[in-house]
Amino acid sequence: MRNVVFGGLAAGIMATTAIADPMSGAAAKAMLYPAESAQVQIVSGSPITKDEANLLAGVVAQQPYFGAVAISPDEQLLESKATIAVANFHTSEAAGAEALRQCDALRVATTPCVVVIYIRPKGWENRPLSLSSEATAGLDADYPAANGALAVSTSTGAWGIASGAGAGDAAVAACAKKAAAKDCSIVIQD
């Protein structure tokens, strides 16, 4: 995980999906969004002004998908250590959950944190498989034509690719080296 700090705005760059049965690399590549195409979505009914929304959107606009910004509604937006942005997860839900977890851990006020922005691929819609921008780029660049596997961590967003005999176990091991949790599982395998 890498962290970026903008004044009081901390952006934790992390990652998070798993599906019941692994799909093939070809099926996964056809389903995923381009790695570089992200857009910012302001959450309807957010407790921030239009100017604050535009400021936050400008700060996180270049972050990889899937991401989220959570704030403590009773604290000053940019001065609060509880204003948190996370990116490079495998789903919006996972990004939102991590942003809220970090925000709530840092807030001083009693009102719980809320998600005010999501970072998603351009043209986003729910699909059976989604990967972080980084994992999508890795799949495109490094996934083998045969005997490959890609594993992800749903809680930390880590991922790993392997090929050859035992690719599944090797992908899980590569993912586990990057993950703080032990929840890596195979989502793509040929």
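From the N terminus on, the elements run β-β-α-β-α-β-β-α-β-α-β-β-α-β. That order holds five helices and nine strands. Helices (H or I, at least four residues) and strands (E, at least two) are DSSP runs, numbered from the N terminus.

This is a predicted model: local features need pLDDT of at least 70, side-chain atom pairs count only at pLDDT 80 or more, and totals for chains, interfaces and linings use all residues. Residues are numbered from 1 along each chain as its sequence is written, and side-chain values use heavy atoms, with hydrogens and water left out.

Of the 190 residues, 51% count as buried. Buried means under 20% relative accessible area, exposed over 50%, and partly exposed in between (1.4 Å probe, protein chains only). The protein exposes about 8,900 Å². Carbon and sulfur atoms supply 53% of that area. The areas come from the Shrake-Rupley method with a 1.4 Å probe.

Strand E6 (residues 114-121) is mostly covered, with seven of its eight residues buried. Pairing requires at least two DSSP bridges between two strands. The table lists both pairings.

| Strand | Partner | Sense | Bridges | Bridge to E6 |
|---|---|---|---|---|
| E3 (38-42) | E6 | antiparallel | five | valine 40 to isoleucine 119 |
| E4 (67-71) | E6 | antiparallel | five | glycine 67 to isoleucine 119 |

The largest nonpolar core has 28 residues. Among them, Ile48, Leu56, Val69, Ile71, Val116 and Ile117 touch the most other members. H2, E4, E5, helix H3 (92-106) and E6 each give two or more residues to this core. E6 gives the most, with five residues. A nonpolar core is a set of buried Ala, Val, Leu, Ile, Met, Phe, Trp, Tyr and Cys residues joined through side-chain atoms within 4.5 Å.

Isoleucine 71 has contacts (heavy atoms within 4.5 Å) that include Pro47, Ile48, Leu56, Cys103 and Val116, not counting residues up to four places away in sequence.

Helix H2 (residues 50-60) buries Ala53, Leu56, Ala57 and Val60. These residues cover an arc of only 100 degrees around the axis, so they sit on the same side of H2. The arc is that of the directions from the helix axis to the C-beta atoms. The face turned away from the buried side carries the exposed residues Asp51 and Gly58.

In helix H4 (residues 133-142), Ser133, Ala135, Thr136, Gly138 and Leu139 are buried. Their cover includes helix H1 (25-31), strand E7 (148-153), strand E8 (159-163) and strand E9 (184-189).

**Loops**

Serine 80 lies in the loop between strand E4 (67-71) and strand E5 (84-87). Serine 80 counts as buried because its relative accessibility is 5%. Its side chain reaches the backbone nitrogen of alanine 82 at 2.9 Å. This is a polar contact: a pair of N or O atoms within 3.5 Å; within protein, one must be able to donate a hydrogen and the other to accept it, and residues adjacent in sequence count only if both atoms are side-chain atoms.

A cis peptide bond joins tyrosine 65 and phenylalanine 66, with omega about -15 degrees. Phenylalanine 66 is in the loop between H2 and E4.

Two asparagines have positive phi. Asparagine 88, in the loop between E5 and H3, has phi near 75 degrees. Asparagine 88 is buried, with a relative accessible area of 6%. Asparagine 147, in the loop between H4 and E7, has phi of about 55 degrees. At 47% relative accessibility, asparagine 147 is partly exposed.
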